There are 2 protein chains.
Amino acid sequence: MHLLKDAIIKYGKVLAGDILQVGSFLNQQIDVELIDEIAKTIYDNFKDCAVNKIMTIESSGISLACATARFFNCKVVVAKKGKASNVSGDCYTAKCYSYTHGKTEDVIVSKQFLSASDNVLFVDDFLAKGSAMDIAIDVTSQAGANLVGMAVAVEKGFQGAGDKLRSEGYKLLSVAIVDSMQDGKITFRN
Amino acid sequence: MHLLKDAIIKYGKVLAGDILQVGSFLNQQIDVELIDEIAKTIYDNFKDCAVNKIMTIESSGISLACATARFFNCKVVVAKKGKASNVSGDCYTAKCYSYTHGKTEDVIVSKQFLSASDNVLFVDDFLAKGSAMDIAIDVTSQAGANLVGMAVAVEKGFQGAGDKLRSEGYKLLSVAIVDSMQDGKITFRN
C-alpha cells in the first residue's frame with residue numbers, strides 16, 4: 001500500500017460535513033518526505049507525457065506541485081486567488097468557489113507564465129468537487145496550452161468529480177481514492 | 001554572487017509603490033532549482049541550531065519552507081490565513097495585515113503542530129515591513145516554542161524591518177538584501 005494511504009489511515013480524521021482532515025501531513029503541517037513519495041508516484045505516471053510545466057492553485061497544492069516539478073525539472077505556475085498588488089500585466093482569470101472557505105474568488109495566472117507551447121500537468125493536494133480542475137481546464141484553454149493531465153494526492157471518490165473527469169477523457173491520477181468515510185471508517189478504492 | 005541576486009537583476013521588476021516583483025521565479029512562477037539553492041544557503045546558516053520545525057505563512061513562503069525542511073529532515077508548519085472548514089480544534093491566533101492584499105486577516109496554527117519542545121526556524125519568501133515576522137514571534141511565544149531564527153529569500157532593506165529585528169537580537173538571514181530600487185535600479189547590500 002502506498003505510504004499516503006497508511007498516513008490517511010493513521011492520521012486522517014473524518015469531520016462533520018464529509019470533510020476528511022489530513023492537515024497533520026498534507027497542508028497545515030507538511031511531511032516533505034511523504035510529499036516527495038507522492039510526487040515520485042505522479043512522475044512515474046506522467047513521465048512519458050512531455051510535461052514542461054506544473055500548474056497548481058494556491059495554497060495547499062504548492063508543496064506537492066514543487067516536489068513534482070523537481071522530478072520533471074520544470075517550473076511551477078501558481079494560480080493566485082484574489083487580485084494582489086504584486087501581480088501586474090495581462091492575466092488569465094477564472095472563478096473559483098472554495099468549499100473550504102465558503103466563498104467565490106477570482107483566480108489569476110499571468111499570461112507570461114502560460115502559453116500555447118506548454119504541456120501542463122495540473123497538481124493539487126485534494127480532489128473533492130472538482131472546482132480546481134475546472135479552473136485548470138479553463139485557464140489552460142484560455143492559454144491554448146495542452147493540459148496533459150491532472151494529479152492529486154487524495155480524491156474523495158464518493159463525490160463523483162473524479163469519475164466525471166475520467167469519463168470526459170481527462171488523464172487523472174489520484175494517489176489515494178477514498179470511496180467511503182461512513183461512520184468515520186475510511187475505505188479506499190482498489 | 002548568489003544565484004538569487006542574479007535572478008533578481010535579470011528578472012525582477014520595480015513597480016510603483018516600492019513593489020519589487022519577483023513573480024517569475026519566486027511565487028507566481030516557481031523555479032524549484034533556485035528555491036533549492038536558497039534553501040541550501042539557509043540550511044548552511046542554521047544547521048547548528050537544532051532546528052526541528054520549519055514554520056511559514058501561506059502562501060508564497062511554502063515552496064521555500066518545504067525545500068528548507070528537506071535539508072533539516074523536519075516538518076513544515078503552515079500558518080493559515082482565515083478560518084477554514086478543514087481546521088479544527090484549538091489554535092494559536094494572530095492578526096496579519098497583508099500589504100499585498102490590503103486587508104487584515106486572522107492567521108491560525110493548530111496547537112497540535114507547535115509546542116514548547118520545538119526549535120522553530122521561520123521561513124518566508126519576502127521581508128518588507130515585517131508583519132509575517134511579528135506573527136512568527138507572536139505564535140511561537142504563545143506556544144512556548146523557541147524561535148531559533150528567521151530566514152527569507154529577499155529583504156527590502158530600505159524598509160527597515162530587518163534591521164529592527166536584528167537590533168532586537170533575532171537571528172535573521174536574508175539571502176539577498178535590496179537596499180535601494182531608485183529609478184528602477186536595484187542595489188544590494190554587501
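**Cysteines, copies, rings and backbone**

User: What is the relative accessible area of C49(A)?

Analyst: It is 23% for C49(A), which counts as partly exposed. Buried is under 20%, exposed is over 50%, and partly exposed is in between (1.4 Å probe, protein chains only).

User: What kind of model is this, and how do I read the labels?

Analyst: It is a predicted model: local features need pLDDT of at least 70, side-chain atom pairs count only at pLDDT 80 or more, and totals for chains, interfaces and linings use all residues; side-chain values use heavy atoms, without hydrogens or water. Residues are numbered from 1 along each chain as its sequence is written, while chains are lettered from A and ligands numbered from 1 in the order in which they are written.

User: New topic. What rotation takes chain A onto chain B?

Analyst: One of 180°, with 0.0 Å of shift along the axis and an RMSD of 0.0 Å. The two copies are therefore related as by a two-fold rotation axis.

User: Through which surface do the copies meet?

Analyst: The same one, since 100% of the interface residues of chain A are also interface residues in chain B.

User: On to rings. How many aromatic pairs over all chains?

Analyst: Six. Rings of Phe, Tyr and Trp (its six-membered ring) pair if their centres lie within 6.5 Å; planes under 30 degrees apart are stacked, over 60 edge-to-face, and the rest tilted.

User: How do Y11(B) and F25(B) sit?

Analyst: Their ring centres are 6.3 Å apart and the planes are at 55°, so the pair is tilted. Y11(B) lies in helix α1 (residues 3–11) of chain B, and F25(B) in the loop between β2 (19–21) and β3 (29–30) of chain B, so the pair ties together parts 14 residues apart in sequence. Helices (H or I, at least four residues) and strands (E, at least two) are DSSP runs, numbered from the N terminus.

User: Is F25(B) buried or exposed?

Analyst: Buried, with a relative accessible area of 2%. Y11(B) is partly exposed at 44%.

User: What about Y43(B) and F71(B)?

Analyst: That pair is stacked: the centres are 5.7 Å apart and the planes at 25°. Y43(B) is in helix α2 (residues 32–46) of chain B and F71(B) in helix α3 (residues 62–72) of chain B, so distant parts of the chain, 28 residues apart, are linked. Both are partly exposed, Y43(B) at 23% and F71(B) at 32%.

User: Which residues do ring pairs link into a cluster in chain A?

Analyst: Y43(A), F71(A) and F72(A).

User: What lies over the face of F46(A)?

Analyst: K171(A), at 4.6 Å from the ring centre. In chain B, K171(B) lies over the face of F46(B) at 4.6 Å. The rule is NZ of Lys or CZ of Arg within 6 Å of the ring centre and within 35 degrees of the ring normal.

User: Backbone next. Where is the cis peptide bond in chain B?

Analyst: Between E58(B) and S59(B), with omega about 0°. In chain A, a cis bond joins E58(A) and S59(A), with omega also about 0°. S59(A) sits in the loop between β4 (53–57) and α3 (62–72) of chain A. Most peptide bonds are trans.

User: What does E58(B) touch?

Analyst: S59(A), V78(B), A79(B), K80(B) and K81(B), leaving out residues up to four places away in sequence. Contact means heavy atoms within 4.5 Å. E58(B) is buried at 11%.

User: Which polar contacts does E58(B) make?

Analyst: Among them, its side chain meets that of S59(A) at 2.5 Å. The E58(B) side chain also reaches the backbone nitrogen of K81(B) at 2.8 Å. A polar contact is a pair of N or O atoms within 3.5 Å; within protein, one must be able to donate a hydrogen and the other to accept it, and residues adjacent in sequence count only if both atoms are side-chain atoms.

User: Last one. What is phi at D183(A)?

Analyst: Near 55°, a positive value in a residue other than glycine. D183(A) is in the loop between β10 (172–180) and β11 (187–188) of chain A, and is exposed at 83%. D18(B) also has a positive phi, near 60°. D18(B) is partly exposed at 40%.

Definitions and conventions:
Least-squares fit on C-alpha atoms with pLDDT ≥ 70 in both.
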